Amino acid sequence: MRDKHEMERIVHTYGNLLLRYAMHHTVSLDQAQDIVQEILIRYIKKAPEFNNEQHERAWLLRVASNMIKDHRKSWWQTHTVILQDNLFEKQEDSYEYVLLPYVRKLPTKSRDAIFLYYYEELSIKEIAEIYHAKIMTVESWLYRGRKRLRKMLEGGKWNELEEL
Amino acid sequence: MNWKNYKKDVDYIQYSQTNQQAWIIAMQQEEMQRCDDKQRKRGRIPVYVFVLSIVFLIIAITNPMYVVDSSPLNMKMIDSAVFHQPIQDNLPLIRVGLTSGGMGFPSFILANHHDVDNGNPWLEEFSIESLPVYKNGIQVGPRNEVLQGGHSDQALQELIEMYEKRLSFSDHINEVAIDSNLERSYKEGIIFIHRNGSINIQIYKDKYPIKQTLHATTREEAQQYSLALAQELNNVLDLENPAPNVSVHYNIDNEACWNYGVYDKQIDSFDDMYAYSMKQIQFSANDNDVYISINSYLVGEKMGDYPIISLKDARQRFIEGKYLSLCPSPASEMDIAKIELIYYRTDMSAYIVPMYLIYAAIDPAYVIDNEGFQTFGTYYVPVIDSQYIEFEDVSYHKFN
């Protein structure tokens, strides 16, 4: 039986990773938190024996990816239109997001690849294993993602970011 | 492109304390549901358990001294429902004692408390009301003479031939019966079968190449190497789900040396604990040879499911001096590195009995000062309620 320490370990080790991953795909913070909860419940229900932490992380990311895919197909998602992405709207005393709102606008796979490559610093090979994709496929996700970001941030905005 | 800004953005996203609590509560509820479902399934007795119970009953009637199917092809099935069995009336008294196999007392030199970590899957949180006690499948006297039980001659032959076949060793070049155990030598190595159920295999690396080496420098490496070697030798070990069982000790130069091993992990928590206790496989190696020790208890008839004391009560008993140990008294400051639940037996024990094994610092008056290291002893508090226990004197197995 898994004890509380084990559950705390899982939350401590992977909580932020999963929340940050979910935040690349959801329309609200609450949704992202709910998805993380579902992923952790799935872990308790179904997690196999892991060889190491990398194996465990890869499993969780796969589950997260599948869960977000299912979530996108759900009735709520297909029947709800978000009028405006207020998720990162500047509020008082809060942090001003610079690049994340643009990354969220990328196609799903590019979004994931950029998060895992630039933020989590996984190798392309590791990302390919998580998504059961070829290395060249992951490279093309990254390439297309960067290209689209450049286009979105063309001109002054791009240069501004370079200087920051 | 400068990704620093992206990283700053993502860094800002963090879960809160409220999130953590909510997630842990949800996981705990799921875990409880999962355990309840398992318990419901466990209540149903599978047909094969019923059939095997009849078989064992017939064997018990024809051979009342012990119920050990000494043929290696028919392993004793352990009913995983035993941990929640109702406690019977008239449970027999269990004789409990410790025996020493040699000189000195069993102690551990530790650099820190985590050094006693091993692969034991038992957790304090397990919900256990009772535990089975078994008759020991073998009993030997103080001069290693077999008093009762143990593998028969035929079983020894069958076992050695089984491992010979698994290893694909060539025809043996020598066979010796030593103290009623059986040893065969081959050009590829040696197989030694103990009458108590344990098996030692020595493999000559130049005749039987083994890829995996055992030169770990960290616990993680030791675990990985143990698993890799178990995988490489799985045709010999025949484990369904090997899990690492690794610990550390320090040599005379205070260098960490890893003890490599595995056991066959089970899905059910209680079966898992049981599998860990009853059969462990240890590996060691030098430049020329690889050694495999398969330490497997021969389990006799079940005496019953006995009510157990809590860990809290066990700690209290330890503090009050109510324990069994071959070690000098613990330090008065009570420095406990670890408590784990194990099944205890030696070849001289009458029973295989669950014990809380406490690793506690020994009174400094009895140990040599070893800068940066502490010496810990092992202290046993029987898990089963003391009303069912008859204590033997601590005895010493003659060493000659």
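**Notes on selected elements of chains A and B**

1. Helix α2 of chain A covers residues 29-46, 18 residues in total, and spans 26 Å from first C-alpha to last, close to the 26 Å expected at 1.5 Å a residue. The model is a predicted one. The buried residues of α2(A) are Gln31(A), Ala32(A), Gln33(A), Ile35(A), Val36(A), Ile39(A), Leu40(A), Tyr43(A) and Ile44(A).

2. Ser110(A) belongs to helix α6 of chain A, residues 108-119. With a relative accessible area of 4%, Ser110(A) counts as buried, because the cut-off for buried is under 20%. Leaving aside residues up to four places away in sequence, Ser110(A) is in contact with Trp141(A), Arg144(A) and Gly145(A).

3. In chain B, Asp11(B) is part of helix α1, residues 4-11. Its relative accessible area is 37%, so Asp11(B) is classed as partly exposed; that class lies between the limits of 20% and 50%.

4. Which residues does Asp11(B) touch, not counting residues up to four places away in sequence? They are Arg20(A) and Tyr119(A). With Tyr119(A) there is a polar contact, side chain to side chain, at 2.3 Å.

5. Strand β16 of chain B, residues 299-307, is mostly covered, with seven of its nine residues buried. Strand β4(B), residues 130-136, runs antiparallel to β16(B), and six bridges join the two. Within this pairing, Val299(B) of β16(B) has Asn136(B) standing opposite. As a general point, side chains in a regular strand alternate between the two faces of the sheet.

Conventions. Residues numbered from 1 in each chain as written. Chains lettered and ligands numbered in written order. Predicted model: local features only at pLDDT ≥ 70, side-chain atom pairs only at ≥ 80, totals over all residues. Heavy atoms only, no water. Helix = DSSP H or I, 4+ residues; strand = E, 2+ residues; numbered from the N terminus. Buried < 20%, exposed > 50% of the residue type's maximum accessible area, 1.4 Å probe, protein only. Contact = heavy atoms within 4.5 Å. Polar contact = N/O pair within 3.5 Å; in protein donor to acceptor, adjacent residues only side chain to side chain. Expected span 1.5 Å × (residues − 1). Pairing = 2+ DSSP bridges.
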